Amino acid sequence: VRGVSGRVAGVGRSATVSLFDLVGELRAAGRSVVDVSGGQPDFATGEHVVTAAVAALHEGFTHYTASRGLPELRELVSAKLLADNGIEVAPTDVVITPSAKHGLYAALLTLLDPGDEVVVPTPSWVSYQAMARLVGGVPVEAELSGANGFRLTREVLEGAVSGRTKAVLVNTPNNPTGRALDAEEARVLAEFAVAHDLYVVADEIYEAVLFDGRRHLSVAALPGCAERTLTVNGFSKSHAMTGWRLGWVAGPGAVMAELVKVQEHTVSCAGSFVQRGGIAALSGPEEYVAGMVESYDRRRRVVVDGLNALPGVSCALPEGTFYAFADISGAGKGGSVGFAEWALRDAGVAVTPGVAFGAGGEGYVRLSFAAPVDVVHEALARLARALG
Ligand code: PLP
């Protein structure tokens with residue numbers, strides 16, 4: 001039998017998913033492993049959301065919907081984008097996708113021809129570069145510097161651009177660094193995109209998880225960006241709905257009319273009763289989301305204080321998301337992969353090596369505080385003991 005396509009064979013497995021599997025194997029073999037590598041909120045999905053989906057199931061609302069998604073959900077997304085984000089997108093230019101992840105994939109497939117380059121500031125989420133390759137594109141890292149607090153600068157963006165660059169893919173607040181774009185970085189990004197006539201794919205899935213009273217800055221609301229930005233978001237992080245697989249893409253009508261074709265020919269639509277859950281989530285109580293964020297905020301301080309107390313480790317306070325990105329280069333355990341392997345083997349703690357998020361993540365590891373607080377405490381205690 002002949003081999004599979006080079007496009008797929010050339011893409012590595014997701015480092016975070018592989019780690020998830022390895023933790024499972026170690027546990028099955030009787031090892032005690034504290035896992036702070038995942039990105040799953042430990043909260044239950046809201047009762048109002050569950051009730052709405054269950055009611056839909058009992059009602060027999062179990063068939064295909066329009067590819068773009070339920071009109072009521074698209075209207076809620078459009079209203080949310082206007083109210084919270086200052087983005088004007090008609091409900092017809094919102095496509096409800098089975099996860100933000102699929103939305104990102106559809107966005108890249110829609111924008112990139114084979115060989116087209118997409119600038120990806122790193123460290124950034126593990127799947128961006130793989131997705132770009134899967135659609136035949138070429139991801140080009142704009143490596144942000146940890147010494148500079150992973151700030152987005154014009155210089156580093158310009159260093160990654162070429163005649164083939166079609167788009168730039170940004171994530172704010174950022175997984176794994178915990179940084180959220182500030183006004184200056186947002187201005188730099190907007191000017192860069194306009195100057196090179198690039199599309200922007202803006203992954204804003206952690207929008208709700210911001211601390212210290214920060215306000216989220218949406219790329220599509222920046223000068224010159226509405227006509228070139230696809231905003232991707234979803235329910236996984238904001239509403240603790242990772243298993244529901246529900247998200248959306250919103251952007252300029254001409255692009256969305258193309259993107260919906262990807263949806264039509266691949267997945268048809270997001271789950272019908274799942275979308276009913278999404279309607280309940282977006283029209284439900286805001287305290288539900290705020291309560292989770294308060295809890296993340298408390299854990300954030302525990303994690304960062306604990307990390308900074310470890311010899312040779314330092315960590316800045318995340319501005320958003322539920323990840324701490326710690327500089328472990330002084331811990332004497334090698335690079336990020338060396339440290340992660342040591343942590344798993346000698347301390348029984350699963351962390352994610354920073355290099356999984358791009359070359360800019362070398363020297364760092366990511367700890368998630370979406371895990372319950374006692375798990376977070378135990379992870380820190382084990383690391384402290386093992387580092388002696
Ligand atoms: N974007 C980022 C930056 C993420 O960290 C994740 C999940 O870890 C996603 C997108 C995926 O979201 P969804 O569960 O909606 O596919």
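Two strands pair if DSSP finds at least two bridges between them. Helices (H or I, at least four residues) and strands (E, at least two) are DSSP runs, numbered from the N terminus.

## Basis

This is a predicted model, in which local features need pLDDT of at least 70, side-chain atom pairs count only at pLDDT 80 or more, and totals for chains, interfaces and linings use all residues. Residues are numbered from 1 along each chain as its sequence is written.

## Strand β13 and its partners

Pro353 has Val365 of β13 as its bridge partner. Two bridges join strand β12 (residues 352-353) to β13, and the pair runs antiparallel. Strand β10 (residues 323-327) is also antiparallel to β13, joined by five bridges. There, Tyr323 is the bridge partner of Ser368.

Strand β13 (residues 364-368) is largely enclosed by the rest of the structure, because five of its five residues are buried. A residue is buried if 20 or more other C-beta atoms lie within 10 Å of its own, exposed if 12 or fewer, and partly exposed in between; C-beta atoms are placed from the backbone. In a regular strand the side chains alternate between the two faces of the sheet. In β13, Tyr364, Arg366 and Ser368 point one way. Val365 and Leu367 point the other way.

## Helices α5 and α9

Two packed helices are described by the angle between their axes and the distance between the axes. Axes are lines fitted to C-alpha atoms, for helices over the stretch in contact, and angles run from 0 to 180 degrees between N-to-C directions. Helix α5 (residues 100-111) packs on helix α9 (residues 253-266) at about 115°, with axes 9 Å apart.

Ala106, Ala107, Leu109 and Thr110 of α5 meet Val255, Glu258, Leu259, Val262 and Gln263 of α9. Contact here requires C-beta atoms, placed from the backbone, within 7 Å.

## Helices α11 and α13

The axes of helix α11 (residues 287-308) and helix α13 (residues 373-387) come within 10 Å and cross at roughly 5°. That makes the two helices roughly parallel (angles under 35 degrees; over 145 is roughly antiparallel, 65 to 115 roughly perpendicular, the rest oblique). Arg299, Val302, Val303 and Gly306 of α11 make the contact with Val373, Val376, His377 and Leu380 of α13.

## Ser127

Ser127 lies in helix α6 (residues 127-134). Ser127 is partly exposed because 18 other C-beta atoms lie within 10 Å. Ser127 and Leu104 are 23 residues apart in sequence and 9.6 Å apart in space, C-alpha to C-alpha.

Key. Two residues are in contact if their C-beta atoms, placed from the backbone, lie within 7 Å.
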